[in-house]
Amino acid sequence: MVQMQRHKRIAQYFQMWITRDFSALDSLFSPQCTYEECYGPIYSNLPEIHRWIAHQLTVQKVTQWPIHEFIDADDTVVVTWTFAATEEKAYMFDGVSIIHFDAQNRIDRVREFEAKHTRDYPYRKQNIPSQ
């Protein structure tokens with residue numbers, strides 16, 4: 001039951017980026033939450049997360065953020081996803097978030113990792129001579 005609630009909270013957060021409505025953010029995140037984005041920046045509390053989101057809303061429009069899989073490990077949920085957005089131009093990448101929950105079932109730590117969306121299988125290609 002707790003895991004399902006956590007999955008729902010994570011999905012709600014991802015959906016906030018698409019709807020651009022963050023009114024429930026404070027109920028999802030711990031005030032001391034640490035959020036590490038996949039490309040380097042770290043926000044060390046809820047006020048910093050609010051500042052980051054406010055800035056992102058001026059420069060970015062998230063168009064998709066589907067979740068592919070939830071993996072549960074005690075108070076941590078690992079989530080795989082695809083992220084698509086538009087800034088100066090459109091982009092897409094895949095990723096993983098490691099999300100920890102506190103005793104009040106709020107998100108208190110997020111670590112994101114990024115992977116290229118386009119995959120290549122170099123050893124599956126066959127050289128077929130032209131006919």
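This is a predicted model: local features need pLDDT of at least 70, side-chain atom pairs count only at pLDDT 80 or more; totals for chains, interfaces and linings use all residues.
Colleague: Which residues are they?

Modeller: The largest cavity is lined by Y13, F14, F29, Y35, S97, I99, I107 and V110. At least two lining residues come from each of α1, β1, β6 and β7.

Colleague: How much space lies in the largest cavity?

Modeller: It holds about 30 Å³.

Colleague: And the largest pocket, what is its volume?

Modeller: The volume of the largest pocket is about 240 Å³. It is lined by 17 residues, and E37, Y39, Q60, F83 and F93 are the closest to its centre. By class, the lining has 11 nonpolar, two polar and four charged residues.

Colleague: Changing topic, how many salt bridges are there?

Modeller: The whole structure has four. One of them joins the side chains of R6 and D75, at 3.3 Å from N to O. R6 lies in helix α1 and D75 in the loop between β4 and β5, so this pair ties together parts 69 residues apart in sequence.

Colleague: Is R6 buried or exposed?

Modeller: R6 is buried, because its relative accessible area is 6% and buried means under 20%. D75 is partly exposed, at 37%.

Colleague: What does R119 pair with?

Modeller: R119 forms a salt bridge with D94, and their closest N and O atoms are 2.7 Å apart. This pair links the segment after β7 to strand β6.

Note on methods:
Residues are numbered from 1 along each chain as its sequence is written. Side-chain values use heavy atoms; hydrogens and water are left out. On a 1 Å grid over the protein atoms alone, a cavity is a set of points where a 1.4 Å probe fits but cannot get out, and a pocket is an open set with protein on both sides within 12 Å along at least five of seven lines; lining residues have an atom within 4 Å of a point. Grid points are joined across faces, edges and corners, and a volume is the space filled by probe spheres set on the points. Ala, Val, Leu, Ile, Met, Phe, Trp, Tyr, Cys and Pro count as nonpolar, Asp, Glu, Lys and Arg as charged, and the others, Gly among them, as polar. Helices (H or I, at least four residues) and strands (E, at least two) are DSSP runs, numbered from the N terminus. Buried means under 20% relative accessible area, exposed over 50%, partly exposed in between (1.4 Å probe, protein chains only).
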